[in-house]
Amino acid sequence: MTESKFTIILAAGKGTRMKSKLYKVLHKVCGKSMVDHVLTQVEQIHPDDIVTVVGHGAEAVEAAIGDRSQFVVQED
């Protein structure tokens, strides 16, 4: 029996406390967005599926991630 691996990334935060118009997960750390760092680590375990939960700024986050993940929108 083969085990399936699935990953859910929570990236729906607005980032209000960061006092920036840039969405929290798109802030750069060492030249890469925070969500890119997470995806890079997740991809190393070769999951069967990656789903990223997006909310505020969903379009920008989806554009940054591209086809590396599927998306689910968290409504208010």
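1. Helices here are DSSP runs of H or I with at least four residues, strands are runs of E with at least two, and both are numbered from the N terminus. By that rule Val35 lies in helix H1.

2. The model is predicted: local features need pLDDT of at least 70, side-chain atom pairs count only at pLDDT 80 or more, and totals for chains, interfaces and linings use all residues. Residues are numbered from 1 along each chain as its sequence is written, and side-chain values use heavy atoms, with hydrogens and water left out.

3. The protein chain has two helices and five strands, in the order β-β-β-α-β-α-β from the N terminus. Its C-alpha trace spans about 50 × 30 × 20 Å along the principal axes.

4. Of the 76 residues in the protein chain, 32% are buried. Buried means under 20% relative accessible area, exposed means over 50%, and partly exposed is in between (1.4 Å probe, protein chains only).

5. Contact means heavy atoms within 4.5 Å. Of the contacts in the protein chain between residues at least 6 apart in sequence, 51% join residues at least 24 apart.

6. Helix H2 covers residues 58-65, and its buried residues are Ala58, Val61 and Ile65. Viewed down the axis of H2, these buried residues fall within an arc of 70°, so they line one face of the helix; the arc is that of the directions from the helix axis to the C-beta atoms. In general, an α-helix has 3.6 residues a turn, so residues three or four places apart point the same way.

7. The exposed residues Glu59 and Ala63 sit on the face of H2 turned away from its buried side. Cover for the buried residues of H2 includes helix H1 (34-43), strand E4 (49-54) and strand E5 (70-73). After H2 comes Gly66, with a positive phi near 70°.

8. Which residues does Val35 touch, leaving aside neighbours within four places in sequence? They are Ile9, Val25, Leu26 and Ile65. Val35 is buried, at 4% relative accessibility. Val35 and Ile65 are 30 residues apart in sequence, and their C-alpha atoms are 7.8 Å apart in space.

9. Thr7 belongs to strand E1 (residues 6-11). Is Thr7 buried or exposed? Thr7 is buried, with a relative accessible area of 13%.
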